[in-house]
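Here's a quick tour of one model, sorted by topic. Keep the structure open while you read.

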Amino acid sequence: MKALVTLMALGLLAFTPPKKEPVSKAMASAVRTFLNALDAEQRKQAIFPFDSDERFNWHFVPRERKGLPLKQMNDKQRQAAMALLKTALSEQGYTKATAIIDLENVLRIVEKRPANDTYRDPENFSFTVFGEPSEKEPWGWRIEGHHLSLHFSSLTNKIIDMTPAFMGSNPGEVRIEGPQKGKQILKQETALGYALLNSLTEDQLKKAVISETCPNDIVTSNKRKASLDKQEGLAYADMTSPQQKLFLDLLNTYLGNFHVTLADQQLDRLKQAGLDKLMFAWMGDRQPGFGPGKGQYYRIHGPTLLIEYDNSQNQANHIHSVVRDLTKDFGDDLLTEHYKSQHGK
């Protein structure tokens, strides 16, 4: 609880937008401020080379992590870390991210763990920087902890990638008595998924519902490279205008977690690849339900993008969601582009 109490005291759970400047400049400046607030040993812990394999070592389960966790930061350092997070996210996204961190306190209560438990730990969220901000060399950073894993990569003063981007919620809806009862962090993602599903005709459902059984997690898990055997479901082109609006509202709920420049950048890429090529697929229960054997899954899948949503664990009260860029997760082509353009290799 200590970490969240400290953050609340600093006013860091409220969103105050950073200065109006290009997101790449704001992010680079925030990374420098964060690193400059660290001592020598902390810098060694927080910084890895950009080409380190650690950049791809990601997961959304509770575990020990590389990087510098909140628990090893003082108040000034935490403030700098959270200010960095604000440069990357919208108010909506920042609110979700901090709420996910705070849910660790709820899990301690649900699972009857002691206040000093380190398995469900709001302080076990780590910040890691890969390389250092540069106008010429690639660099990036991530924040990661239980149910939160966000990655950002930059080259030539431009943030070129913001994936994988994982957000989860356990519980999906807080049902225990207390001040957070009824809280649903990923409420929009759930409600709009059902709204789109329930708008479909019987013929459309035959395409959209690809299985009556819900998988027990997102299909791509924490793989370094996300891929599915094939695109399945109902194409955007085969939806009515009202359904297409619902589809775009759902899509923008995920993209809208990011700074508007990053969200627009991703949406432009989708439009260039062709919105008509995006597909909506559903598996599991077609109506909301909580209990044994219940579960719901959907995805948005296109040539360049995959979004997955799964609510199957803990009797369908435990949500996992992820956004993957199928062409450049982790800014994976950064070094190739860099050496090709800068070194002629």
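The axes of helix α4 (residues 75-88) and helix α5 (residues 91-110) come within 8 Å of each other and cross at roughly 140°. That makes α4 oblique to α5, where oblique is what remains once angles under 35 degrees are called roughly parallel, over 145 roughly antiparallel and 65 to 115 roughly perpendicular. Bear in mind that this is a predicted model: local features need pLDDT of at least 70, side-chain atom pairs count only at pLDDT 80 or more, and totals for chains, interfaces and linings use all residues. Residues are numbered from 1 along each chain as its sequence is written, and side-chain values use heavy atoms, with hydrogens and water left out.

**Helix pairs**

- A word on terms: helices (H or I, at least four residues) and strands (E, at least two) are DSSP runs numbered from the N terminus. Axes are lines fitted to C-alpha atoms, for helices over the stretch in contact, with angles from 0 to 180 degrees between N-to-C directions.
- On the α4 side, Met82, Leu85 and Lys86 make the contact, and on the α5 side Tyr94, Ala97 and Thr98 do; contact means heavy atoms within 4.5 Å.
- Sorted by class, that α4 with α5 contact has four nonpolar, one polar and one charged residues. Here Ala, Val, Leu, Ile, Met, Phe, Trp, Tyr, Cys and Pro count as nonpolar, Asp, Glu, Lys and Arg as charged, and the others, Gly among them, as polar.
- Next pair: helix α8 (residues 241-255) packs with helix α9 (residues 260-273) at an angle of about 135°, their axes 10 Å apart. That makes α8 oblique to α9.
- The crossing of α8 past α9 is right-handed.
- From α8, Leu251, Asn252 and Leu255 meet Ala263, Gln266, Leu267 and Leu270 of α9. The contact of α8 with α9 splits into five nonpolar, two polar and no charged residues.

**Nonpolar cores**

- In soluble globular proteins, nonpolar side chains tend to be buried together.
- The largest nonpolar core here has 75 residues, and Phe127, Trp141 and Phe152 have the most contacts inside it. Such a core is a set of buried Ala, Val, Leu, Ile, Met, Phe, Trp, Tyr and Cys residues joined through side-chain atoms within 4.5 Å. Buried means under 20% relative accessible area, exposed over 50% and partly exposed in between (1.4 Å probe, protein chains only).
- Setting aside neighbours within four places in sequence, Phe152 is in contact with Met27, Ala88, Leu89, Trp139, Gly140, Trp141, Asp161, Met162, Phe258 and Leu262.

**Buried residues worth a click**

- Ile159 lies in strand β6 and counts as buried at 3% relative accessibility. Leaving out residues up to four places away in sequence, Ile159 touches Val23, Ser24, Met27, Ser153, Ser154, Leu262 and Gln265. Ile159 and Met27 are 132 residues apart in sequence but 8.8 Å apart C-alpha to C-alpha.
- Gln266, in helix α9, is buried at 5% relative accessibility. Beyond its neighbours within four places, Gln266 is in contact with Met162, Leu255, Leu305 and Asp325.
- Gln42 sits in helix α3 (residues 40-46), and its relative accessible area of 10% makes Gln42 buried. Not counting residues up to four places away, Gln42 touches Leu68, Gln72, Met73 and Gln77.

- Thr163 and Pro164 are joined by a cis peptide bond, with omega about 0°. Pro164 belongs to the loop between β6 (158-161) and β7 (165-169).
- The bond from Asn170 to Pro171 is cis, with omega near 0°. Look for Pro171 in the loop between β7 and α6 (187-198).
- His147 has a positive phi, near 70°, in a residue other than glycine. His147 sits in the loop between β4 (139-145) and β5 (148-155), and counts as buried at 4% relative accessibility.
- Ala316, in helix α10 (residues 313-316), has a positive phi near 65°. Its relative accessible area is 5%, so Ala316 is buried.

Terms used: A crossing is left-handed if the near helix is turned anticlockwise from the far one by less than a right angle, and right-handed if clockwise.
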